[in-house]
Amino acid sequence: MSNLKNIVLRIQSSEGTKRISVNLDDNTTTIYEKVYNAFSLSGFTFSLYRNRNNKDEVHSSRSHTVVGIGLKHGDILYLVPHEGTNLWPTQNSTATNSQGALSGEPGKAMDTYENASGPAQPVIEDEVDQILWGMDGKVHRNKDEKLCHHGRNACCVHCSPIEPYDEAYLREQNIKHMSFHAYLRKLTGGVDRGKFVALEDTTCRIKPGCKDHPPWPRGICSKCQPSAITLNRQVYRHVDNVMFENPEIVERFLEYWRASGLQRMGYLYGKYEIHSDVPLGIRASVSVIYEPPQETTRDKVTVLPDERESLVDEIAHQLGLTRVGWIFTDLIADNTQKGTVKHIRGIESHFLSAQECIMAGYLQNQHPNPCKFSPTGYFGSKFTTVCVTGDSKNQVHMEGYAVSAQCMSLVRDQCLVPTKDFPQLGYVKESTDKQYVPDVYYKEKDTYGNEVSKLARPLPVEYLLVDVPVSTPLSPLYTFRTDPSKIPFPVENRLLDHHIQDFNALSSYLHQFSHDQFLTAVSDFHVLLYLATMEMLPMKDYLGPLLKAVYERNPASAAEWASSEHWATVEQLIASSRDGGNSPLGSSLGQNGSSSGGANASSSIAAEWTCPHCTFLNLPHLAACDMCSLPR
């Protein structure tokens with residue numbers, strides 16, 4: 001009888017035919033395992049069919065048996081690899097697999113989820129993190145004359161130092177969230193001194209490489225299946241305050257909305273520094289707002305691909321700045337005479353919409369925070385979100401936020417989507433054949449005051465938000481020197497009249513400054529970026545010494561650069577573009593060419609003229625070419 005229970009199945013593949021012996025009581029998962037061993041395959045990314053035309057599939061199941069699906073002795077099954085997979089790896093791929101670079105699918109490198117053993121390179125934390133980690137962090141208190149009855153060199157419970165994460169102290173100081181470094185001190189303050197602390201990101205992905213079953217959706221097990229997630233309000237924040245160095249930074253950004261009524265977004269560039277108002281706190285000090293290419297309407301902003309993104313980051317880095325956040329407007333005019341705006345955000349409606357939370361999570365994932373306590377070397381993000389909207393008094397004000405690390409994971413794994421009609425609600429996707437999504441829950445109190453778990457379909461985005469105060473200092477700071485009496489240079493990527501960056505705008509801007517004010521004139525991020533990307537004479541390869549002079553505020557170095565051959569060419573073009581050629585910045589060159597420049601300008605007024613650079617035929621009244629912007 002035992003021989004009658006064993007049958008032989010023939011497995012046909014592109015690499016030949018093999019036979020396997022199975023028991024009639026075996027489940028179909030056993031067939032897949034024996035085929036895997038018989039062909040020495042690299043994974044379970046294949047299917048078995050009864051017919052040659054890939055029909056009548058034999059599914060891998062632990063509940064279906066061989067006799068139950070009607071297989072008999074001598075039957076043929078056809079092995080078909082899934083699309084894009086290689087079940088018979090070459091020697092090179094096998095060698096790579098032995099080194100641990102292969103997972104689930106051959107040739108696919110391990111992602112950050114599998115790097116649980118630690119980062120390949122030592123973690124280099126930000127400078128502000130290194131400084132804060134070396135600080136005591138405790139809040140020291142003076143002796144209380146009424147409660148302390150001890151000597152000068154002693155202390156008691158009324159005057160002993162307080163830990164930076166003390167909830168009573170934070171509540172007393174009206175601090176809503178503890179700083180991230182205070183949170184680290186809390187984790188490392190036990191007996192083990194943080195020896196076993198590991199800050200791991202939540203994952204919503206199936207762990208690749210499991211060989212106990214076919215890949216999803218054909219199979220899943222407890223070893224590779226991500227656990228269900230319960231969303232908790234984050235008790236800490238990586239950045240405790242966003243400070244704009246001076247009000248002119250935001251006013252310059254709002255000029256676009258005031259001129260057009262259209263919304264706008266930009267990236268915040270600045271630096272991270274210690275925030276003394278919060279124990280072990282970090283402040284993002286904003287020096288400039290860069291506005292990338294975008295399509296704007298009264299209701300939304302669509303960010304376009306930016307070819308200059310890497311150049312902007314490089315120039316900012318040489319000026320001692322880094323990208324610390326992003327800002328966007330949501331303003332609707334209420335009374336134009338009084339200058340008021342509508343109050344459309346708040347506890348009655350929403351603080352950030354689900355779409356904005358997803359965008360914030362996407363940007364935070366692009367700018368992760370280096371952390372030595374994370375197995376991957378990164379945890380959370382210092383990237384902040386600033387929304388310019390109307391407050392309860394119908395005045396323009398700024399609100400700062402960051403999304404939690406759990407929200408970053410949901411966005412990274414593409415599990416969170418916005419809802420159509422309710423901006424304050426997000427929605428966690430359901431599992432499909434292409435993607436497995438674990439159950440996500442959040443907790444709230446029911447009508448009886450009991451805390452119950454609810455499935456995050458839909459999900460109030462308030463569970464994903466962390467407040468970050470936004471402010472300006474009492475005494476304005478200026479990383480870039482400004483002169484209020486001068487008309488500022490136009491901001492990039494603004495397609496509005498009188499807001500276009502071109503050579504005429506540069507000439508008009510520099511004409512306001514004298515030769516000894518050169519450093520002040522070029523101490524503008526937008527001017528430096530335009531000089532680097534000028535179409536007629538791009539100077540990005542020569543800006544290094546000038547950027548260093550601006551960063552160090554060194555007039556002598558700036559004057560030395562201004563006497564270079566590259567800038568002399570620009571000065572000559574500027575001088576010839578002005579009527580009479582008497583631009584202060586190019587005074588010597590302007591005086592030499594004033595007679596010819598003025599004569600040409602006056603003699604050719606009556607007729608159209610041809611540009612000597614691009615041969616474009618221009619109207620008589622134009623002083624610069626309408627095609628290439630070069631002077632007449």
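Against which helices do the buried residues of α14 pack? In this predicted model, the buried residues of α14 pack against α8, α12 (518-522), α13 and α15 (555-562).

**Helix α14**

- Leu546, Leu547, Ala549 and Val550 are the buried residues of α14 (544-552).
- These residues lie on the same side of α14, because the arc they cover around the axis is only 160°.
- Lys548 and Tyr551 are exposed, on the face of α14 turned away from its buried side.
- After α14 comes Arg553, which has a positive phi, near 55°.

**Helix α8**

- Within α8 (residues 309-318), the residues Leu311, Val312, Ile315 and Ala316 are buried.
- Their arc around the axis is only 135°, which places them on the same side of α8.
- Ser310 and His317 are exposed on the other side of α8.
- The cover over the buried residues of α8 includes two strands, β10 (265-275) and β11 (281-290), and also the helices α13 (525-533) and α14 (544-552).
- Gly320 follows α8 and has a positive phi, near 80°.

**Crossing of α9 and α10**

- The axes of α9 (residues 354-366) and α10 (residues 405-412) come within 8 Å and cross at roughly 90°.
- Helix α9 is therefore roughly perpendicular to α10.
- On the α9 side, the contact is made by Cys357, Ile358, Gly361, Tyr362, Gln364 and Asn365.
- On the α10 side, Cys407, Met408, Val411 and Arg412 take part.
- Sorted by class, the contact of α9 with α10 comprises 6 nonpolar, 3 polar and 1 charged residues.

**Cysteines**

- The structure holds 0 disulfides.
- Seen from Cys415, the nearest cysteine sulfur is that of Cys204, 4.1 Å away, and Cys415 is in no disulfide.
- Cys204 is buried, at a relative accessible area of 2%.
- Cys415 also counts as buried, with 1% relative accessibility.

Conventions:
Residues numbered from 1 in each chain as written. Predicted model: local features only at pLDDT ≥ 70, side-chain atom pairs only at ≥ 80, totals over all residues. Heavy atoms only, no water. Buried < 20%, exposed > 50% of the residue type's maximum accessible area, 1.4 Å probe, protein only. Helix = DSSP H or I, 4+ residues; strand = E, 2+ residues; numbered from the N terminus. Arc of directions from axis to C-beta. Contact = heavy atoms within 4.5 Å. Axes fitted to C-alpha atoms, helices over the stretch in contact; angles between N-to-C directions. Parallel < 35°, antiparallel > 145°, perpendicular 65-115°, else oblique. Nonpolar A, V, L, I, M, F, W, Y, C, P; charged D, E, K, R; others polar. Disulfide = S-S within 2.5 Å.
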